[in-house]
Amino acid sequence: MSRNVQSAAASHPEFEKLGERWLQLDLSRPEAQDIIARLVKDEEERHGKDTKKHWVVVNNAAYTLLGAVEDMSESQILQYLQANVFGVIRVRKALLPTLR
C-alpha cells in the first residue's frame, strides 16, 4: 500500500515484476481495517493460504503536525491521531490473524 502508488511503483519496479501490486489506502479512515482484511483474504486465495511465512508488512504511514497545540484545530489533531495511531492499529488488527 502506498499514499502515492505511481511514485512507489516508479521507485520499486521489481515489486510488480514479482507479480505483486501497489494499493492506495487512507489508513486514517475507520473502514481501512475491513479493506485490508478483505485484501489479505484475496491475496491468500490468489497465492494459497500456505504462504503465511512469506508475508511482510511495512507499516510506516505517518505524517507530522508541527506547531503549538493551541494553534491546532481539534480536527487537525484528530486527523493526526487517526493516521499515526489508529492507522497503525487498524493495519495490525487486519493482518494479525493471517500472520499468526
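**Exercise 1. Determine which residue forms a salt bridge with Arg29, and state how exposed the two partners are.**

*Solution.* 
Step 1. In this predicted model, Arg29 forms a salt bridge with Glu31. The closest N and O atoms of Arg29 and Glu31 are 2.5 Å apart.
Step 2. A salt bridge requires a side-chain nitrogen of Lys or Arg within 4 Å of a carboxyl oxygen of Asp or Glu, and the 2.5 Å between Arg29 and Glu31 meets this condition.
Step 3. Side chains of opposite charge can pair when their charged atoms come close.
Step 4. A search of the whole structure finds one salt bridge.

**Exercise 2. Describe the secondary structure and the overall dimensions of the protein chain.**

*Solution.* 
Step 1. The secondary structure consists of four helices and zero strands. Read from the N terminus, the order of elements is α-α-α-α.
Step 2. Along the principal axes, the C-alpha atoms fill a box of roughly 50 × 30 × 20 Å.
Step 3. The chain has 100 residues, and 23% of them count as buried.

**Exercise 3. Locate Val57 and identify its contacts beyond its neighbours within four places in sequence.**

*Solution.* 
Step 1. Val57 lies in the loop between helix H3 (32-47) and H4.
Step 2. Once its neighbours within four places in sequence are set aside, Val57 is in contact with Val91, Leu95 and Leu99.
Step 3. Val57 and Leu99 are 42 residues apart along the chain, while their C-alpha atoms are separated by 9.5 Å.
Step 4. Because its relative accessibility is 36%, Val57 counts as partly exposed.

**Exercise 4. Which residues form a nonpolar patch on the surface, and where is Val85 found?**

*Solution.* 
Step 1. The nonpolar patch is formed by Leu81, Val85, Phe86 and Ile89. Together these residues have about 300 Å² of accessible area.
Step 2. Val85 belongs to helix H4, which spans residues 74-99.
Step 3. Membership of a patch requires over 30% relative accessible area. Val85 has 36% relative accessibility, so it counts as partly exposed.
Step 4. For the protein chain as a whole, the accessible surface comes to about 7,500 Å², and 53% of this belongs to carbon and sulfur atoms.

Note on methods:
Residues numbered from 1 in each chain as written. Predicted model: local features only at pLDDT ≥ 70, side-chain atom pairs only at ≥ 80, totals over all residues. Heavy atoms only, no water. Helix = DSSP H or I, 4+ residues; strand = E, 2+ residues; numbered from the N terminus. Buried < 20%, exposed > 50% of the residue type's maximum accessible area, 1.4 Å probe, protein only. Areas by Shrake-Rupley, 256 points an atom, 1.4 Å probe, with all protein chains shown as cover. Patch = residues over 30% accessible without salt bridge, like charges linked within 9 Å, V, L, I, M, F, W, Y side chains within 5 Å. Contact = heavy atoms within 4.5 Å.
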